[in-house]
Amino acid sequence: MNQYRRTESNVPAGLVPIMSFRYLFGRRSTPYERPQTSESAMQNWIGIAIWIIMGAAIGLMMRAAISRPEEQPGHAQVIMALGAFASVIGGMLGVGIFHLWEPLALSVGGMVCAAAFAALMTFIYRWGLRTLI
């Protein structure tokens with residue numbers, strides 16, 4: 001069974017899949033999928049870089065807000081790395097949850113979830129590790 005067919009006249013000629021998730025359940029009226037442009041790819045890289053910098057800054061703010069008397073030297077780099085890693089994970093979750101149809105890293109959902117997850121993880125690391133155990 002052939003799963004490909006020609007598209008409508010308003011879409012460039014070519015073979016595209018008939019059964020597409022966006023075609024069946026999404027906002028697209030045709031099964032034609034728009035390819036990612038270099039502009040949206042650059043926006044994604046810029047957004048991920050912003051997540052990393054924002055997560056490191058949130059880690060440093062959490063370090064300044066919650067003081068630990070038994071803290072060792074070199075702890076700032078660890079909490080910055082944890083905040084950056086957590087913000088990337090949170091940003092991906094935010095984009096996946098709130099912007100499923102047009103996934104761009106430079107989006108409100110991605111930025112808010114990146115900041116919230118970085119704050120949560122660095123707070124748990126700063127406050128919760130020794131007091132929870």
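In this report, contact means heavy atoms within 4.5 Å. The model is predicted, so-called local features need pLDDT of at least 70, side-chain atom pairs count only at pLDDT 80 or more, and totals for chains, interfaces and linings use all residues. Residues are numbered from 1 along each chain as its sequence is written, and side-chain values use heavy atoms, with hydrogens and water left out.

The protein has 4 helices and 2 strands, in the order β-β-α-α-α-α along the sequence. Helices (H or I, at least four residues) and strands (E, at least two) are DSSP runs, numbered from the N terminus. Of its 133 residues, 30% are buried, where buried means under 20% relative accessible area with a 1.4 Å probe, protein chains only.

The largest nonpolar core consists of W51, V95, A105, M111 and A114. Such a core is a set of buried Ala, Val, Leu, Ile, Met, Phe, Trp, Tyr and Cys residues joined through side-chain atoms within 4.5 Å.

S87 lies in helix α3, which spans residues 75–98. S87 counts as buried because its relative accessibility is 0%. The side chain of S87 is 2.8 Å from the backbone oxygen of A84.

| Residue | Contacts (within 4.5 Å) |
|---|---|
| V95 | W51, L100, P103, L104, A105, S107, G110 |
| S87 | W51, I52, G55, A114, A118 |

Across the protein, 59% of the contacts with a separation of 6 or more join residues 24 or more positions apart.

Terms used:
Buried < 20%, exposed > 50% of the residue type's maximum accessible area, 1.4 Å probe, protein only. Polar contact = N/O pair within 3.5 Å; in protein donor to acceptor, adjacent residues only side chain to side chain. Lists of a residue's contacts leave out its neighbours within four places in sequence.
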